[in-house]
Amino acid sequence: MKIHEFYILRCIQIAQNGLGTTAPNPMVGAVVVHENKIIGEGYTSPYGGAHAEVNAIESVTNKALLKEATIYVTLEPCSHYGKTPPCADLIIKHQIPKVIIGLLDPHEKVAGKGVQKLKDAGCEVSVGILEKECRLHHKRFLTFQEKKRPYIILKWAATADGFIAPNKSLRNDIKEPFWITNAYSKQLVHKWRSEEQAILVGTNTVLEDNPKLDVRNWNGKNPTRIILDRSLKTNSSFHVLDKSVKTIVFTEVKDESKHLKGVDYILINFSTAVALQICNALHKLNIQSLFIEGGAQTLQSFIDENLWDEARVFNGVSSFKTGTKAPTLNVKMISSEQIETDTLKTFLND
């Protein structure tokens, strides 16, 4: 492995520490190197805090070494004022002579301007080191910037005989999830929830399962809850409308007297392109990633409209023999792993 690639790979590694906390900012990693020795590292702080370059430079004990150092970053340093000053200005201020960048930032306020500012100040700049790996790392941010929609992850669990939910005869009178997978898979799903900005389910999932859609079996931030409820069949007796977490309801009901205070409502047309309308609305709300947990009809609508990026599918060992069939995917599986009794399959929509 070449030396630049080694340090960019380290940038990607430490940047993962920002997963679930930096959005809508990208989770960038930065490493400061002097004479082939790392003297500073940093990653993007939770939204509103310092960027990766700031944290990396601040971590350097002897600032005098910066004039002879190289800074590596996964994404082009910003050149504009937002909640924090431009990172390019900070690099220039400390007279860091070399800047190695994974990929350019497609955001309209950056898009090459950071690189140009650095070059104009006399910095030696290289771009495109491990670009493929950096693109994969920044998949949420890049999908949002380039496709103008959130990065969408589909998740469901299916029985050995291909059902996502049982016939009502198998359920008891209490509205609660009917578990197909084991406790380890359940904990993993809660970890995933903490990594995304929003989580979405349809009306039937709320009515049948009464899910909380929060993070309980993992330490992390609760995602924004999004409910599809065409005619407002759900009410405040359901967990998702308890106002403990920011919640958005997509509906066709215009009558605001039927809208709960403390819950946001967005009107869409459920007769056509529902997934696209949701994507457009979430883009306006600056939501960069969406985790869709069900039900089958909701998942299938995003599949049919080809508005998804990744699918994580659990297969349990139980059988229902009857019930709601799991969605269908016509793409190649990229990985499969065992989680005790469960099989987790991952699919990418290329």
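Two strands pair if DSSP finds at least two bridges between them. Strands here are DSSP runs of E, at least two residues long, and helices are runs of H or I, at least four, numbered from the N terminus. This is a predicted model: local features need pLDDT of at least 70, side-chain atom pairs count only at pLDDT 80 or more, and totals for chains, interfaces and linings use all residues. Residues are numbered from 1 along each chain as its sequence is written, and side-chain values use heavy atoms, without hydrogens and water.

- Nine strands form an open sheet with mixed pairing, in the order 11-10-9-8-12-6-13-16-15.
- Strand 11 (264-267) and strand 15 (333-339) are the edges, each pairing on one side only.
- On average, neighbouring strands of this sheet are turned by 20° against each other, direction ignored.
- Strand 10 (residues 247-251) pairs with strand 11 in the parallel sense, over 4 bridges.
- Val249 has Tyr265 in strand 11 as its bridge partner.

**Helices across the sheet**
- Helix 7 (residues 183-195) lies across strands including strand 6 (151-158) and strand 13, and runs at about 145° to strand 12 (289-294).
- Angles run from 0 to 180 degrees between N-to-C directions, with axes fitted to C-alpha atoms, for helices over the stretch in contact (heavy atoms within 4.5 Å).

**Arg312**
- Arg312 sits in strand 13 (residues 310-315).
- Beyond residues up to four places away in sequence, Arg312 touches residues including Trp156, Trp192 and Phe291.
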